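Here are my notebook entries from a first look at this model. Have the structure open beside you as you read.

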Amino acid sequence: PAAGDDLTPLINSRLSKKIQSLLLLVAQKADKENVKVFAVGGFIRDLLLNIKNHDLDLVVEPAAIPFAEELNKMLGGRLTSHEKFGTASIVLPEGIHIDLVTSRQEFYARPAALPEVEQSSLKNDLFRRDFTINTLACSLNSPGFGKLIDLFNGIGDLEKGLIRVLYNLSFVEDPLRVLRAIRFEQRFGFRLEETTLSLMENAAQTRVLEKVSKERLHDELVLALQEEKAPEILIRYFTLNIAPMIFPGIRLSDALQERLFAAREMCYWANRNWPDTEVVPGNLYLAALLLEAPFQEARHICRRLRLPQKQREPILAAVEAVPRLKEKLLANALKPSELYRLFSGQPVETLLLLQADSKQSRIWESTALYWEKLRHIQPHISGHDLRELGFKPGPGFQEVLSHIRAARLNGEVKNREEELAMAKKMLAARERNNA
Ligand code: CTP
C-alpha cells in the first residue's frame, strides 16, 4: 500500500469483527462530535504486517479527553484520563485497550523527562514518535475513512524492514527507545538503519539509559521478556553494550547464550508436557542470566530492576539452588526419596533452569520424575490413622509420616496395610525408647 490508499479492504479482511465494529463506532462518533480522529502507530503497522494487535491507538484533534468520555458512553468500558497530558484510555471487557491522545507537540523539558504537552497537529504528534514504522496513520472520519497517511516514509521502511528514528536526538530525549528499537528489530526480524544504529551506539557509550527511571526500565524489560525472541533481545543488549546499564556485572558467555536458548526450549517443552504447570518464560530468562553472577549480585540486580517479590522469589530460589542441585545430582545416583528431599519446595523455575543448564540425561530424568510423579505422592495413611492405632499425637507423627512417604517413594511399602504395619513398629519403638 501507499499513502492515500484506502485500507478498508485490509480492515475488513484482517481485523476481527469486534475491532471492525469498534472502528466504525469510533468513526461515527468522531463525525458526530465534529472532531478529527486517526488510528495510528502500532495498530496500523501491525495491520499492514498482518499481525494481531488488540491495542487501538487514536490521535484526536482538537482534544482527546472529551471525545473519550463521549465514546465511552457507548462502549461502557473503564475510562482513565490524564488532564495534564490530554490523554485518555479505555479498557473494554474483552481485553481491548484504546489509547487516545490529543494531537500534540511534545517538548522535552530535559533529557529523559516526561513530555510536556501542547496541542498541535497530527504531523507534530507523529514526528515526536520513536520510529518511522510507528508513524503510520489512518483517517477515520468521512469522507476518507480508511485513508492511509504516511508522512515520514514509514511504508518504505516497513517494506525494507528497517527500524529508523525520525530525528537525531530521539534516543537522547527518550533513551528507553534504545531498548524498544531492539525489541522491534528482533520481533519483526528487521534491521537497524545505519544512522539509527550509530545513534544507539552513541547512546550506549554515553550511558543515557541510566537517566531512565527504574520503573520505566522495568516495564520495558517486562515487554521484552514476553517476546518470542526474548533470548535474542537479551543477547543484543550485550552485543550493543547496553546490558551493563541493565544487568551490571553480568558478561555474555557462550554458556549464557546457550542457557538462554535452552530456557526457551524448556518453556515450550514444559507447555507441551506439563500443561497444568504455569511457566513464566521471563522468569526463566532472568534466572538464566543471573546464574552468571554471584548470589549477592543477583539479588542486587533483582532489586534494581524493581522485580516484585512474587517474581523475585522463584528466580532467586532457582539461582541459589541450581549449582548446588546440579553438583549433587551429578555426583551420585539418588533414590527417589532423596530426590524428593532435594527438590521439595523448589519452584518449577528451578527444575527448568536445571534442565536448561545441563544436557545430562540424569538431570533431565530426575527433574521430570520429581515434577510428574514424586511430588504428588503422599502416604496412604494420615495422623488420624495413627491416633486410631492408639498412639498419642505429637511431633513424632510427622516424622513417622515422612519416613513412610520416603518408603513409599522407594517402593519399600506398597499399600495401606504395609504402611500401617511400618508406622506401628516405628511408634512402638519410639514409645519403648521414651519409657
Ligand atoms: N512511543 C514513543 N516512545 C516511547 C514509547 C512509545 O515514541 N518510548 C510511541 C510509539 O510511536 C508507539 C506509540 O507511542 O507507536 C504507542 O506506544 P506502545 O503502545 O508502547 O507501542 P506499540 O508500537 O503499539 O508497541 P507494541 O506493539 O509493543 O504494543
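**The ligand shell.** I began with which elements each supply at least two residues of the shell around the ligand, and found β2 (55-61) and α8 (176-188). Helices here are DSSP runs of H or I with at least four residues, strands are E runs of at least two, and both are numbered from the N terminus. I noted that α8 gives the most, 3 residues. This is a predicted model, where local features need pLDDT of at least 70 and side-chain atom pairs 80 or more, while totals for chains, interfaces and linings use all residues. Residues are numbered from 1 along each chain as its sequence is written.

I then listed residues around the ligand, among them Asp55, Asp57, Arg177 and Arg180; a residue is near when its C-beta atom, placed from the backbone, lies within 6 Å. By class I got 2 nonpolar, 3 polar and 7 charged residues, with Asp, Glu, Lys and Arg counted as charged, Ala, Val, Leu, Ile, Met, Phe, Trp, Tyr, Cys and Pro as nonpolar, and the others, Gly among them, as polar.

**Phe295.** Next I looked up Phe295, which sits in helix α14 (residues 295-304).

**The whole chain.** I counted 21 helices and 11 strands. The C-alpha trace spans about 95 × 50 × 35 Å along its principal axes. Of the 435 residues, 36% are buried.

Conventions
A residue is buried if 20 or more other C-beta atoms lie within 10 Å of its own, exposed if 12 or fewer, and partly exposed in between; C-beta atoms are placed from the backbone.
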